[in-house]
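Here's a quick briefing to keep beside you while you look at the structure. Start with the ligand, then step back to the domains and helices.

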Amino acid sequence: MLFLYNPLMNNFTKTPMPEIINILHEQLKTLAPKESLAFEVLNPDIATSVYAGNAVIIAGELYIYHGYKSWVDLAQILSCRMLTPTQNAAHTIIIRYEKLNADESFHKSIIDKEEKYGVTSIFGEIHKNEEPAFIAHYLKALKNVTINKRSRILNLGVNSGDEFEVIQKYISNFENMELVGIDYCPSAINAAKKKFAAFKNITFFAHDINDLSSLELGSFDLIISIGTLQSSNLDFNPLFMSIVQNFLKKDGAMVLGFPNCRWIDGEMVYGAKVKNYPFSEMSLLYKDVVFCKKYLQQKKFRVMVTGKDYIFLSATSIRKESEFNSSKV
Ligand SMILES: C[S@@+](CC[C@H](N)C(=O)[O-])C[C@H]1O[C@@H](n2cnc3c(N)ncnc32)[C@H](O)[C@@H]1O
């Protein structure tokens, strides 16, 4: 790892954030991926309960305060990762940013479409359940739909089963549930089958979501689909409506996860990205979330939208028991 300790190292102890961004942005243009730069800032631990930008006076000198959250956020905004800071002078630390290698991402994978998300792909190295910004919101979404009261659960785009692992390990009543996972990636489905071989209440199918009806799966109390329905090989709106109409029980529930991030060089980077924009642009994400929300509301579901790096839509039926029973006949 190469650290570029500039003899004229940036001193940002008194610099406002817009200026810091400009300076670092220019300096990063001259660095190759994996190279680093360093800068000196006020030690954030010097004070507490201080919002960024406030003045802190030490020995009669005025400094501008920024907390660690600001420095971690800035690293991501500048396509860097923050390395461990080191203590410098009594009141300052040195922060180092390593420039991310944008080429190290499964988003750029050119292997065949079924194996793009296979076990040997870069995607196979991602463990979303270890990212707090994913798992905390996923668990909350499962709670929102009272998962422990759901018997038949379908996961579309289940990959190697990480989302089921959470249910198996952390949700009570798992043993009384029947879980079905679908994905057209053979290696991911094989890995899922192996991982859950001991659990007879979980079934996996290597199958195309475009042809769900041929599996004759029946209907489900809960349908989960994370990072899948927006895939380019799927026609989002008609597919979503047909899933609700044909596979979701009238009193069922849904958890949909929409990625609002990219996976780059070991980092989950905030912000959805679409083709033709070199930066994060979220129109498509919002359009799809709002489409599902409105459609489900028309069908008498209560819908909540939560999350950050993944946007979770959780929906539960608000049909009264009597209304539901009469509509079943
Ligand atoms: C971005 S990955 C998300 C996987 C997992 N839900 C997650 O969030 O980690 C999308 C998954 O959908 C699967 N997939 C995409 N199109 C599909 C299709 N038409 N039929 C079945 N699976 C599909 C891919 O193989 C992949 O495992």
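**Around the ligand**

The shell around the ligand is made up of eight nonpolar, seven polar and five charged residues. Keep in mind that this is a predicted model.

- The ligand has 20 residues around it, and the ones that come nearest are Gly157, Tyr184, Cys185, Ile209 and Gly227.
- Two elements, helix H4 (162-170) and strand S10 (178-183), each give two or more residues to that shell.

**Domains**

- The protein chain splits into domain 1, covering 2-99, and domain 2, covering 106-328.

- Helix H7 runs over residues 283-298, so to speak a 16-residue stretch. From its first C-alpha to its last, H7 reaches 22 Å, close to the 22 Å expected at 1.5 Å a residue.
- After H7 comes Lys300, which has a positive phi, near 70 degrees.
- Helix H6 (residues 236-247) pairs up with H7: their axes come within 11 Å and cross at roughly 30 degrees.
- That angle is under the 35 degrees cut-off, so H6 and H7 count as roughly parallel to each other.
- As for handedness, H6 and H7 make a right-handed crossing.

Key
Residues numbered from 1 in each chain as written. Predicted model: local features only at pLDDT ≥ 70, side-chain atom pairs only at ≥ 80, totals over all residues. Near = placed C-beta within 6 Å. Helix = DSSP H or I, 4+ residues; strand = E, 2+ residues; numbered from the N terminus. Nonpolar A, V, L, I, M, F, W, Y, C, P; charged D, E, K, R; others polar. Expected span 1.5 Å × (residues − 1). Domains from an automatic or database assignment. Axes fitted to C-alpha atoms, helices over the stretch in contact; angles between N-to-C directions. Parallel < 35°, antiparallel > 145°, perpendicular 65-115°, else oblique. Left-handed = near helix turned anticlockwise from the far one by under 90°.
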